[in-house]
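Please read the following report alongside the sequence and the model.

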Amino acid sequence: MRIHFEKISYIYDRNLPFAHTALSDIELDIREGKITAIIGETGSGKSTLVQHLNALLIPSSGQIELGDHLIKANEKNKNLKKLRKEVGLVFQFPEYQLFESTILDDVAFGPIRFGISKEESYERARSALSNVGISPILYDRNPMELSGGQKRRVAIAGILALDPKILVLDEPAAGLDPEGAKRLVDLIVSLNREFNKTIILVSHDNDMVYSYTDDTVFMRDGRVIYHGPTLDLFNDGELIKKNHLLLPTVVNFKNRLREAGFEVDENARTIEQIAEAVSRRISR
Amino acid sequence: MKRFTFGRYLPMNSFMHNLDPRAKLIAVLLLVVAVFIPSSFIPYILLAVLAGCAIYLSGLDLRFILRTLRPILYLSLFLLLVNILSLKRGSVIFSFKGFEIYSEALVFTFKITIRLLLMLVYTTCLTATTKPLELTLAIEFILSPLSLIKFPTQEVAMMISIALRFIPTLSLEAERIVNAQKSRGVDFEEGHMSERVSAMLSLVVPLFTIAFERAYELADAMEARGYIPGERRTCARELKFKNKDYSLLAISLSVLVLFIFLKLNNHF
């Protein structure tokens with residue numbers, strides 16, 4: 001499914017004295033089947049950008065191509081429901097969207113809303129829950145009884161059950177403990193690898209972005225200042241310096257190893273990969 | 001979701017913004033009472049001029065005011081309809097096959113519309129130029145005589161200020177939940193009854209959960225900072241009446257007194 005932004009601008013409170021331009025002149029093409037990160041400081045327009053992906057926000061000017069859908073500024077757009085089924089959006093702190101009395105009901109709620117039969121909706125709910133690692137013993141529990149990390153998994157399952165082609169996640173790991181965050185990232189990666197979903201995720205965690213994403217969109221003051229392979233972004237010393245971008249731990253570590261005379265693979269993304277390279281070198 | 005304009009504070013720096021909130025609140029109360037006294041039209045010209053001055057001194061955009069006033073027009077249209085059908089006084093000004101419109105119906109609707117418009121302009125000038133927190137200080141000031149009969153004025157003022165403080169927060173949360181549920185296929189605008197009920201539930205249940213969570217957190221935070229209900233509290237920023245505040249009070253009070261005086265002498 002093609003995602004193409006053409007000259008997108010978005011202005012909040014357009015006709016009020018405190019009008020505020022959140023996005024200006026965004027041109028963007030997001031690659032299918034890849035994991036794309038959107039990074040940038042708070043207020044740089046990441047969340048606003050993301051809400052255009054399933055037409056929760058309609059651009060103030062420009063147009064967005066999303067598969068067969070064309071979202072234009074100043075136009076009443078139809079068939080948004082079909083679009084929202086194809087682009088699943090998981091908001092920040094999605095656990096707040098849980099409201100049904102059992103976990104299974106809550107996950108099946110989305111598909112039923114989209115007009116899928118009850119039996120199939122529950123079937124999808126079960127498989128989505130097992131994909132996010134929630135055990136069947138919990139299905140009949142009230143969502144409020146779960147831990148923070150579990151709630152978030154259930155909320156994500158609620159979107160997965162829609163079987164979207166594109167999955168958009170806004171700060172999926174915010175507020176989770178390190179272990180919960182790691183499991184969530186593993187889940188996202190496996191959704192991409194095994195189910196071939198296009199993934200777009202907003203993140204503040206450059207370590208995670210470096211280790212697991214293919215492309216990165218770097219935003220600042222409502223503009224895109226870099227869009228391309230993640231590895232290239234963090235190799236671009238000048239861009240990093242100019243924008244005070246925090247270097248991922250792995251990149252720092254690679255630089256230190258290089259200074260100490262080790263040869264390190266340019267493409268090593270995780271500590272594990274580096275450790276392997278180092279141990280190979282030592283045993284030689 | 002459409003944002004409200006009514007009752008919204010607009011952070012600017014105008015003459016009105018810098019007035020004492022207590023003076024503004026009392027002036028608005030006096031003028032709103034004054035609005036309901038006259039029964040002829042001429043006094044309303046004076047009140048309208050005052051409203052114009054207030055808008056000018058608040059530095060408000062005329063479009064902002066007009067947008068706030070729009071709902072009143074719908075209300076007036078409805079009122080006009082009811083009055084045409086029910087008020088049968090004055091002279092007939094329109095008649096069609098036994099259906100008659102009396103002059104009194106138009107006059108009466110016009111009067112009520114003007115009163116509502118003036119009232120709304122005054123209050124908007126107050127709320128748009130006064131921070132919610134300042135407004136509660138003003139309310140506390142006005143309620144303060146009640147503390148003589150053991151009425152907990154400070155606690156009530158605190159409750160009002162917390163409530164006001166949380167309106168934008170909760171409406172932001174509500175917007176977020178609406179967006180999240182829309183992404184799950186909830187349609188808040190269409191659908192038959194049962195779908196609408198479940199759409200509403202999908203908003204209300206999470207919103208209540210959040211509100212309660214916030215309330216507990218806030219209670220803890222207040223206690224951690226030594227808040228004890230019933231204890232006397234001091235104010236970091238003492239409010240002080242200045243000359244311009246006294247003149248505002250003098251003007252609005254004299255308008256009210258003048259109107260009452262003329263009314264008692266049957267000049268209106």
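How are α1(B) and α5(B) oriented to each other? The axes of helix α1 (residues 21–35) of chain B and helix α5 (residues 132–143) of chain B come within 8 Å and cross at roughly 65°, and α1(B) and α5(B) are therefore roughly perpendicular to each other. Here axes are lines fitted to C-alpha atoms, for helices over the stretch in contact, with angles running from 0 to 180 degrees between N-to-C directions; angles under 35 degrees count as roughly parallel, over 145 as roughly antiparallel, 65 to 115 as roughly perpendicular and the rest as oblique. Helices are DSSP runs (H or I, at least four residues), numbered from the N terminus.

This is a predicted model, in which local features need pLDDT of at least 70, side-chain atom pairs count only at pLDDT 80 or more, and totals for chains, interfaces and linings use all residues. Residues are numbered from 1 along each chain as its sequence is written, chains are lettered from A and ligands numbered from 1 in the order in which they are written, and side-chain values use heavy atoms, with hydrogens and water left out.

**Helix packing in chain B**

On the α1(B) side, B:P21, B:R22, B:L25, B:I26 and B:L29 are in contact (heavy atoms within 4.5 Å) with B:E134, B:A138, B:I139, B:F141 and B:I142 of α5(B). The residues of this contact comprise eight nonpolar, no polar and two charged, where Ala, Val, Leu, Ile, Met, Phe, Trp, Tyr, Cys and Pro count as nonpolar, Asp, Glu, Lys and Arg as charged, and the others, Gly among them, as polar.

Helix α5(B) also packs on helix α6 (residues 153–183) of chain B, with axes that come within 9 Å and cross at roughly 155°; α5(B) and α6(B) are therefore roughly antiparallel to each other. Among the residues that meet here are B:T136, B:E140 and B:L143 of α5(B) and B:V156, B:I160 and B:L164 of α6(B).

Helix α1(B) has a further partner in helix α4 (residues 103–129) of chain B, the axes being 10 Å apart at an angle of about 175°, which makes α1(B) roughly antiparallel to α4(B). The contact includes B:L25, B:V28 and B:L31 of α1(B) together with B:L118 and B:Y122 of α4(B).

B:L50, in helix α2 (residues 42–58) of chain B, touches B:L31, B:Y122, B:I251 and B:V255, not counting residues up to four places away in sequence.

**Domains and chains**

The domain assignment, whose bounds come from an automatic or database source, gives chain B a domain 1 (16–145 + 239–264) and a domain 2 (153–224).

| Parts | Buried area | On carbon and sulfur atoms |
|---|---|---|
| Domain 1 and domain 2 of chain B | about 590 Å² | 81% |
| Chain A and chain B | about 2400 Å² | 59% |

Within the domain pair, B:T136, B:E140 and B:L143 supply 64% of the area that domain 1 of chain B buries against domain 2 of chain B, more than any other three residues. Between the chains, 25 residues of chain A are in contact with 26 residues of chain B; in chain A, A:Y96, A:F99 and A:R113 lose the most area to chain B, together 27% of what that side buries.

Terms used:
Helix = DSSP H or I, 4+ residues; strand = E, 2+ residues; numbered from the N terminus. Buried area = accessible area lost by both parts, 1.4 Å probe.
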